[in-house]
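Let's take a walk through this structure together. Have the picture ready and follow along as we go.

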Amino acid sequence: MSGHTDMVLVDENGMRIDGRTAEEHRPIRIEAGVLHNADGSAYVEIGKNKVLAAVYGPRECHPRHLQNPEKAIVQVKYNMEAYSVSDRKRPGTDRRSIEISKITAEALEKVVLTELYPRASIDVYIEILQANAGTRCAGLTAASVALADAGIPMRDIVPAIAAGKADGKVLLDLNKEEDNYGQADVPIAIIPSTDEIVLLQMDGNMTRAEFDHAIELAVNACHEVHDLQVDALKRRYSKPQEGSE
Amino acid sequence: MSNELMSEIKRDHIMHLLEKGTRQDGRGVADFRNIKVETGLIESADGSARVQLGNTTVIAGIKIIPGTPFGDTPNLGVLTTGMELIPMAHPTFEAGPPGEDAIELARVVDRGIRESGMVDVEKLCITPGEEVWMCYIDMYAIDHDGNLFDAANLAAVCALKSAIIPAEQYGKGENAPLPVTCTPISVTEAKVGNTLIVDPDYDEEQISSARLTVTTDDNGNFRAMQKGGCGSITLDELRTCLDRSVEIGAEIRKIIG
């Protein structure tokens with residue numbers, strides 16, 4: 001958001017460096033049930049982002065002082081692998097990953113029927129294998145599918161995607177270059193059945209008109225992502241099961 | 001934020017008041033509490049501010065010291081923001097390294113200041129590629145009665161505006177005010193039931209389902225946002241928050257000057 005470049009991110013025909021129009025998201029691939037041990041799992045690719053999510057639970061809540069006698073808690077660990085970015089990322093939690101884990105858990109807690117599992121914990125692990133801008137959205141998109149794959153009752157499946165601004169134009173789903181050299185980024189996640197917002201962040205510089213347009217693009221795209229999430233789950237459960245139990 | 005049990009009678013009382021459009025301290029739903037700002041109270045800091053938002057108090061101190069720039073920004077000064085929720089401020093705060101609440105607070109304040117370009121980091125270069133000024137913003141919650149986000153943002157912004165680069169101390173020329181370009185103001189709203197309330201106090205935060213912080217610049221453009229809490233907000237509610245953040249932001253900018 002702060003870098004400078006001479007690179008033209010959006011050309012005179014409105015084309016972006018990866019050949020997309022302003023309102024197009026990158027190619028998305030979603031697979032449900034990709035791990036053996038986890039109760040539920042998912043793999044998501046959004047452009048060059050490659051993300052795995054795994055769900056364990058509902059299971060006993062550790063540490064125990066976090067137990068809630070009225071409902072389950074959703075705990076999320078977002079983690080970037082050391083080789084996922086161009087410079088090696090120092091392993092372990094940093095402030096960014098703690099913040100992303102927190103807001104992801106809050107977004108999921110709204111849709112999971114936590115009241116069915118008092119004192120339990122539903123643990124979600126998000127691993128970023130390869131990062132190319134938009135990993136928190138890819139991670140949340142994967143986590144929702146993994147929760148469904150784990151058979152955890154939910155009100156809806158949460159999709160997430162970002163809109164933003166680069167070369168002064170509002171764009172859907174920023175890639176790495178647009179994120180680095182652009183002017184704004186707005187990740188958003190919704191409940192598709194009601195269009196309620198469960199995750200929203202923004203940084204950069206946007207007028208009201210630009211922001212309204214970004215929200216419109218992102219909400220529409222969230223519905224597309226949701227269709228792909230549902231499709232992945234249908235594929236997982238309509239074919240004869242191989243490998244896993 | 002912190003989890004404490006709240007009596008149902010108090011919860012019902014707050015909800016009942018909100019139905020009538022008012023709150024425990026007599027405010028309307030879109031009213032900010034009184035803001036008191038005192039700057040320069042810490043002489044050992046290069047800039048400081050104590051901000052009181054009703055009964056919430058946050059102190060921010062600035063330390064500016066020479067250091068090595070990041071490799072990818074050899075000519076830019078460095079901004080670092082930290083927040084601590086110390087046990088003095090509330091019975092639920094515990095000693096120890098910053099937890100996720102403190103980290104989120106610091107990062108949201110940081111985002112507003114960084115993305116608005118408030119501190120002109122290009123002017124913080126001493127020797128290109130070798131030495132730049134590192135500007136540390138450290139915020140401490142001293143007394144917590146809700147809305148630490150806006151109190152911390154105000155404290156940081158006021159402290160930065162009062163900060164002096166201590167160049168003489170390090171033999172780097174004459175002391176000069178920290179170059180500041182604008183005044184980013186955050187406005188936080190909490191959703192209690194289906195009502196959005198500006199500048200929630202502690203009790204209101206405890207019974208709220210969601211939170212939205214919106215930071216605007218002097219032109220009323222959006223520079224940072226953060227939704228928090230396990231609830232959701234509708235698109236209409238988002239629009240209300242955006243409108244109010246611009247209006248209230250402009251009012252607060254007048255108050256703090």
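At what angle do helix α1 and helix α2 of chain A pack, and how far apart are their axes? Keep in mind that we're looking at a predicted model. Two packed helices are described by the angle between their axes and the distance between the axes. Here, α1 (residues 95–109) and α2 (residues 135–149) of chain A meet at about 40°, and their axes are 11 Å apart. An angle under 35 degrees would count as roughly parallel, so α1(A) and α2(A) are called oblique to each other. Their crossing is right-handed.

Which residues make this contact? On the α1(A) side you'll find A:R96, A:I100, A:T104, A:A107 and A:L108. From α2(A) come A:T135, A:R136, A:L140, A:A143, A:S144 and A:L147. Sort the residues of this contact by type, and you get six nonpolar, three polar and two charged.

Now let's stay with α1(A) for a moment. Among the buried ones are A:S97, A:I103 and A:A105. And what do the buried residues pack against? In chain A, their partners are β4 (73–80), β5 (120–130), α2 and β9 (196–206). Chain B joins in too, with α2 (100–115) and β12 (222–228).

Finally, hop over to chain B. B:F149 sits in helix α3 (residues 148–161) of that chain. With a relative accessible area of 3%, B:F149 is buried.

How values were computed: Residues numbered from 1 in each chain as written. Chains lettered and ligands numbered in written order. Predicted model: local features only at pLDDT ≥ 70, side-chain atom pairs only at ≥ 80, totals over all residues. Heavy atoms only, no water. Axes fitted to C-alpha atoms, helices over the stretch in contact; angles between N-to-C directions. Helix = DSSP H or I, 4+ residues; strand = E, 2+ residues; numbered from the N terminus. Parallel < 35°, antiparallel > 145°, perpendicular 65-115°, else oblique. Left-handed = near helix turned anticlockwise from the far one by under 90°. Contact = heavy atoms within 4.5 Å. Nonpolar A, V, L, I, M, F, W, Y, C, P; charged D, E, K, R; others polar. Buried < 20%, exposed > 50% of the residue type's maximum accessible area, 1.4 Å probe, protein only.
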